[in-house]
Amino acid sequence: MNKKKRHWLWNVLIVLTLIVCLLAFVAHYKNWDNIEDGQFKIFSGIYHQRISIADMDSILFVEKLPEMERSSGFSWMAKEKGVFKDSIRNTKVYVFVDDLRQQKIKLVHHDTLQLYFNMQDSLETQKIYAILQSKMQDNLEMSK
């Protein structure tokens, strides 16, 4: 029997491709958030937003996402992430939703820009909501 041996370069290329795919999956798997220095930061893979708490206009819970057109991003099982276009206002909407079945936070900033997000754990989503709500209230009281 004459077995043909594969060149080592193909093996390296296959392993590197698998590693890159695994890293992309881990980067987009969940939302990462940070609240410090008067800024709220949220990112998931290549999608990120940094919003000053002073620029936040409103924050509320919503059950469903509105109808939007996807500019870039992806949907996978109960996840929805990316940049969307609001066809009514003709503005960009950033979506970082880890679970479509749970409540989402709608954050309006800079008067008309919208951000929808939630975490895999609903308690963590409620905790972030409470923190942002209190920081917005503190900011409002300081500006008076």
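Reader: Which residues of strand 2 are on the covered face, and which are on the uncovered one?
Author: The covered face of strand 2 has Phe-40, Ile-42 and Ser-44, while Gln-39, Lys-41 and Phe-43 are on the uncovered one. Strands (E, at least two residues) and helices (H or I, at least four) are DSSP runs, numbered from the N terminus. This is a predicted model, in which local features need pLDDT of at least 70, side-chain atom pairs count only at pLDDT 80 or more, and totals for chains, interfaces and linings use all residues. Residues are numbered from 1 along each chain as its sequence is written, and side-chain values use heavy atoms, with hydrogens and water left out.

Reader: OK. What does Phe-40 touch?
Author: Phe-40 touches Asp-33, Asn-34, Ile-35, Gln-49, Arg-50, Ile-51, Met-56, Leu-115, Phe-117, Ile-128 and Leu-132, with residues up to four places away in sequence not counted. Contact means heavy atoms within 4.5 Å.

Reader: And the largest nonpolar core, how many residues has it?
Author: The largest nonpolar core has 18 residues, and Phe-40, Met-56, Leu-107, Leu-115, Phe-117 and Leu-132 are those with the most contacts inside it. Such a core is a set of buried Ala, Val, Leu, Ile, Met, Phe, Trp, Tyr and Cys residues joined through side-chain atoms within 4.5 Å. Buried means under 20% relative accessible area, exposed means over 50%, and partly exposed is in between (1.4 Å probe, protein chains only).

Reader: Which strands and which helix supply at least two residues of this core?
Author: Strands 2 (39-44), 3 (47-52), 4 (56-62), 7 (91-97), 8 (104-109) and 9 (113-118) each do, and so does helix 2 (122-143). Helix 2 gives the most, with three residues. There is also a second, separate core of seven residues, including Met-68, Phe-84, Val-97 and Tyr-116. As a general point, nonpolar side chains in soluble globular proteins tend to be buried together.

Reader: Changing topic: how many aromatic pairs are there?
Author: The structure holds three aromatic pairs. In one of them, the rings of Phe-40 and Phe-117 have centres 5.3 Å apart and planes at 35 degrees, so the pair is tilted. Rings of Phe, Tyr and Trp (its six-membered ring) pair if their centres lie within 6.5 Å; planes under 30 degrees apart count as stacked, over 60 as edge-to-face, and the rest as tilted.

Reader: What does the pair of Phe-40 and Phe-117 tie together?
Author: Phe-40 is in strand 2 and Phe-117 in strand 9, so the pair ties together parts 77 residues apart in sequence. Both Phe-40 and Phe-117 are buried.

Reader: Is Ile-35 buried or partly exposed?
Author: Ile-35 counts as partly exposed, because its relative accessibility is 21%. Ile-35 is in strand 1 (residues 32-36), and apart from neighbours within four places in sequence it contacts Phe-40, Ile-53, Ile-131, Leu-132 and Lys-135.

Reader: How many bridges join strand 1 to strand 2?
Author: Five bridges join strand 1 to strand 2, and the two run antiparallel. Two strands pair if DSSP finds at least two bridges between them. Strand 1 and strand 2 form a hairpin with two residues between them, and Asp-37 in the turn has a positive phi of about 55 degrees.

Reader: What about strand 2 and strand 3, how many bridges?
Author: Six bridges join strand 2 to strand 3, also antiparallel. Ser-44 stands opposite Tyr-47 in strand 3. This hairpin has two residues between its strands, and Gly-45 in the turn has a positive phi of about 65 degrees.

Reader: Next, what order has the open sheet of six strands?
Author: The order is 4-8-9-7-6-5, with mixed pairing. Strand 4 and strand 5 (69-76) are the edge strands, each pairing on one side only. On average, neighbouring strands of this sheet are turned by 15 degrees against each other, direction ignored.

Reader: Where does helix 2 lie?
Author: Helix 2 lies across strand 4, strand 8 and strand 9, and runs at about 150 degrees to strand 4. Axes are lines fitted to C-alpha atoms, for helices over the stretch in contact, and angles run from 0 to 180 degrees between N-to-C directions.

Reader: Last one: how many residues of strand 6 are buried?
Author: Seven of the eight residues of strand 6 are buried, and the strand is mostly covered. Seven bridges join strand 5 to strand 6 (residues 79-86), running antiparallel.
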